[in-house]
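Visitor: Please show me the model. Then take me through its fold, one question at a time.

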Amino acid sequence: MRTKIPSYRKTNFVLIRKFTDYFCRFFIILKGGAMEEFTKELLDQLNVDTAFTIGPFAISESVVITWVVMAILVLLSAWLTRGLKVHNPGKKQIVAESIVIWLDKFTISMLGENAKEYSTYISTILLYIGLANIIGIFGMKPPTKDMNVTIALALMSIVLIEVSGIRAKGLKGWIKSFTQPVAVVTPINILEIFTRPLSLCMRLFGNVIGAFVIMEMIKMVVPVFIPTVFSLYFDFFDGFIQAYVFVFLTSLFIAEATETE
């Protein structure tokens with residue numbers, strides 16, 4: 001007597017077979033000569049072009065796009081905060097106040113009461129990375145694809161983390177915190193000063209580049225309209241997720257640094 005295969009197992013078999021078929025097609029395409037084109041496109045994304053020079057200083061493309069992102073945020077903030085009123089606020093002012101209140105609640109919930117004074121920095125970084133990640137929709141290369149940008153963001157955050165710890169505990173208390181919970185872990189706690197910025201930098205840079213690699217693989221394997229759907233996901237949803245992860249980890253480290261007994 002033949003055993004009946006459950007319907008959910010049949011579905012799994014179909015999905016596995018389709019995935020295997022797409023996987024094999026991808027490698028067949030690569031063998032067909034697309035590997036060189038794929039590698040060239042990846043290197044082009046990793047390459048940091050010089051936009052222009054000012055004397056001996058070379059201004060990279062990522063710096064120029066960062067200026068564009070900053071200009072958008074500054075102009076938008078200036079427009080939303082123009083003509084503020086104490087009584088009978090307009091719709092624009094209500095929108096601005098709603099954004100500020102939401103950002104404050106969102107960042108303070110991660111930072112905690114001891115570190116709520118740093119919520120403005122966290123909100124600014126969240127807006128910058130979020131907008132920088134989705135600016136590729138308008139034909140510009142996201143500055144977060146430049147490792148120099150992610151390194152700078154990580155260094156800024158780690159300096160703030162250590163400074164917040166010194167301000168909350170004092171210099172002696174901050175030094176003493178490296179011996180907690182027991183003195184034997186002191187080398188590991190000191191090592192975290194260097195591993196934390198490396199983790200923040202590589203996680204942001206790696207995820208942005210990883211999204212590009214996946215998109216290129218999808219373009220090679222599936223029909224034209226499928227990459228458009230995934231592009232919207234990686235440009236919008238995934239871009240904001242990476243911004244959230246960066247500020248969440250930074251907030252977590254700041255909350256830990258400012259925690260007092």
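Guide: Buried means under 20% relative accessible area, exposed over 50%, partly exposed in between (1.4 Å probe, protein chains only). This is a predicted model: local features need pLDDT of at least 70, side-chain atom pairs count only at pLDDT 80 or more, and totals for chains, interfaces and linings use all residues. Residues are numbered from 1 along each chain as its sequence is written, and side-chain values use heavy atoms, with hydrogens and water left out.

Visitor: What percentage of the residues of the protein chain count as buried?
Guide: The protein chain has 261 residues. The share that counts as buried is 33%.

Visitor: Which pattern does the protein chain follow along the sequence?
Guide: Helices (H or I, at least four residues) and strands (E, at least two) are DSSP runs, numbered from the N terminus. The protein chain has seven helices and two strands. Their order is α-β-β-α-α-α-α-α-α.

Visitor: Which residue in the turn of the β1 and β2 hairpin has a positive phi?
Guide: Strands pair if DSSP finds at least two bridges between them. Four bridges join β1 (residues 50–54) to antiparallel β2 (residues 57–60). I54 has F57 as its bridge partner. Two residues lie between the strands, and the one with a phi of about 65° is G55.

Visitor: How do α4 and α5 run, roughly parallel or roughly antiparallel?
Guide: Axes are lines fitted to C-alpha atoms, for helices over the stretch in contact (heavy atoms within 4.5 Å). Angles run from 0 to 180 degrees between N-to-C directions; under 35 is roughly parallel, over 145 roughly antiparallel, 65 to 115 roughly perpendicular, the rest oblique. Helix α4 (residues 119–134) packs against α5 (residues 147–176) at about 170°, axes 12 Å apart. So α4 to α5 is roughly antiparallel.
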